Every structure is written in C-alpha cells, then in structure tokens.
Amino acid sequence: MKAPPRLLEILPMKTEHISAVLHVESLCFPTPWPRNAFLNELTENKLAHYFVGRLGEEVVAYGGLWVILEDAHITTVAVVPEHQRKRFGEQLLIRLVDEAIERGARWITLEVRESNTAAQNLYKKYGFTVVSTRRGYYSDNDESALVMWAGNLKGSIYQNRLNALKESLC
Ligand SMILES: CC(C)(COP(=O)(O)OP(=O)(O)OC[C@H]1O[C@@H](n2cnc3c(N)ncnc32)[C@H](O)[C@@H]1OP(=O)(O)O)[C@@H](O)C(=O)NCCC(=O)NCCS
C-alpha cells in the first residue's frame, strides 16, 4: 500500500512570508510577481485570501484566491520544484476551495497556460473543466490561457467528490 502523503501546515500568508514566497515564485514562474503585488494583495485587497504551506519553518507552497460574492477566482498556486508531486499542490488547492466555500462562493475559476498540463491535471482532478480560451493571455510568450471552472461547490456532487479526495489524503 502507498504511504499517505506528508501533510503541509497551511497558514494564512503574512507579510513576513513574502520573501520566502518570492523565492518559490522565482523558481516556478517565467514572469514572477514582484514583492509589491503580494504586499498589495495582503494589505489592500479585501477580497484576497492567501495561504502558505510549510514543512517545519520552510515555505514550500502557496496559493491565493479572490472571493467576490458567489464567485471565487484562484490567482496563483505553486509548489517549490524539489517538493512537487508529493500532493502538496492538492493540499493547497483544497484549502483554497474550502476557503471559497466558507466565504459563500458557489463557483470557482482560474486561468492556466495551455502548455501547463501538470496544473490542468491537478485542477481536473478537483472538478474543474475548461470553459474557454483567452488567446495570447500571457504576454511573455503570447501563450493562450485556458479558463477553467468548477461548481456548484455547495452541491452534493461536488461535495462528495471533494470529501472523497480529502479522505484519500488522510
Ligand atoms: C501545478 C503544481 C502546483 C502541482 O503541484 P504538485 O504538488 O506537484 O501536485 P500534486 O502532487 O499535488 O499532484 C496532484 C495532481 O496534479 C496532477 N499533476 C501534478 N503534477 C503533474 C505532472 N508533472 N504531470 C502530470 N500531472 C501532474 C496529477 O493529476 C496529480 O494527481 P495524481 O498524483 O493522482 O496523478 C506544481 O506543479 C507547480 O507548482 N507548478 C509550477 C507553478 C504552476 O504551474 N502553478 C499553476 C499555475 S496555474
């Protein structure tokens, strides 16, 4: 039998986490967000909710979303390359989906690069489907974004799926 995955400690992101988050960001994305982008999200944007995933004191993952009434929008999810494929991305995504539900969202969306099959697979596992394409969305290489949605988050079909996935992590 496969060993259960190691569990991340998931905490609300604070300004003191930003340096560690920027390090992960630089390893994960071709056009990393600058410090100010995270600072604004944490201190100015009342709709934004960000989390870090830690192993001991080390920040190895993070993610964030906006919740606007019944709609949630995942803005970012990342796991440091040396700790990818350990189901930490899943744990972060579950935290984001739970946060969305707790704050009243029924629908959740995100954009993902057309070439990013790893992330697309993660989102599909959690019930997201592709609903449209935004051509040339990413300015660094003109790549298109797939727009993915999941919901109804409060419905029994989604809840059963989420609970089964959560159980598989315990
Ligand atoms: C996408 C990302 C967050 C996934 O995190 P992770 O911790 O490595 O993924 P997990 O171990 O939790 O995997 C969960 C599921 O994602 C999918 N997945 C993850 N990595 C994958 C890969 N390299 N290839 C194919 N599928 C993959 C699988 O469906 C997997 O489920 P399975 O193990 O049952 O097959 C991570 O690869 C990452 O940080 N990438 C760089 C940043 C990024 O692209 N973020 C998303 C922006 S939209």
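This is a predicted model: local features need pLDDT of at least 70, side-chain atom pairs count only at pLDDT 80 or more; totals for chains, interfaces and linings use all residues.
Reader: Is Leu-69 buried or exposed?

Author: Leu-69 is located in the loop between E3 and E4. Its phi is near 55°, a positive value in a residue other than glycine. Because Leu-69 has 11 C-beta neighbours inside 10 Å, the residue counts as exposed.

Reader: In which loop does Asp-142 lie, and is it buried or exposed?

Author: Asp-142 is not a glycine, yet it has a positive phi of about 65°. The residue belongs to the loop between strand E6 (129–138) and E7. Since 9 other C-beta atoms lie within 10 Å of Asp-142, this residue is exposed.

Reader: Where is Asn-152 placed?

Author: The peptide bond from Gly-151 to Asn-152 is cis, with omega near -10°. As for its position, Asn-152 falls in the loop between E7 and helix H5 (156–169).

Reader: What pattern does the protein chain follow along the sequence?

Author: The secondary structure of the protein chain consists of five helices and seven strands. Taken in sequence order, these elements give β-α-α-β-β-β-α-β-α-β-β-α.

Reader: What radius of gyration does the protein chain have?

Author: The C-alpha trace spans about 40 × 40 × 30 Å along its principal axes. For 170 residues, a compact globule would have a radius of gyration near 15 Å, and the protein chain agrees with this, at 15 Å.

Reader: Which residues have the most contacts inside the largest nonpolar core?

Author: Buried residues make up 29% of the 170 residues in the protein chain. The largest nonpolar core has 38 residues. Among the elements that each supply at least two residues of this core are helix H1 (18–28), strand E2 (48–55) and strand E5 (107–113). The residues with the most contacts inside the core are Val-21, Ala-61, Tyr-62, Leu-92, Ala-100 and Ile-108.

Reader: Which residues does Tyr-62 touch, leaving aside those up to four places away in sequence?

Author: Tyr-62 is one of the residues with the most contacts inside the largest nonpolar core. With residues up to four places away in sequence not counted, Tyr-62 touches Met-13, Val-21, Val-24, Tyr-50, Phe-51, Val-52, Gly-53 and Ala-78.

Reader: Which element gives the largest share of the shell around the ligand?

Author: The ligand is surrounded by 19 residues, the closest being Gln-84, Gly-89, Ala-118, Asn-121 and Leu-122. Two or more residues of the shell come from each of strand E4 (71–79), helix H3 (88–102) and helix H4 (117–125). By type, the shell divides into nine nonpolar, five polar and five charged residues. The largest share, six residues, comes from H4.

Definitions and conventions
Residues are numbered from 1 along each chain as its sequence is written. A residue is near a molecule or strand if its C-beta atom, placed from the backbone, lies within 6 Å of it. Helices (H or I, at least four residues) and strands (E, at least two) are DSSP runs, numbered from the N terminus. Ala, Val, Leu, Ile, Met, Phe, Trp, Tyr, Cys and Pro count as nonpolar, Asp, Glu, Lys and Arg as charged, and the others, Gly among them, as polar. A nonpolar core is a set of buried Ala, Val, Leu, Ile, Met, Phe, Trp, Tyr and Cys residues joined through C-beta atoms within 7 Å. A residue is buried if 20 or more other C-beta atoms lie within 10 Å of its own, exposed if 12 or fewer, and partly exposed in between; C-beta atoms are placed from the backbone. Two residues are in contact if their C-beta atoms, placed from the backbone, lie within 7 Å. The radius of gyration is taken over C-alpha atoms; the globule rule is 2.2 Å times the number of residues to the power 0.38.
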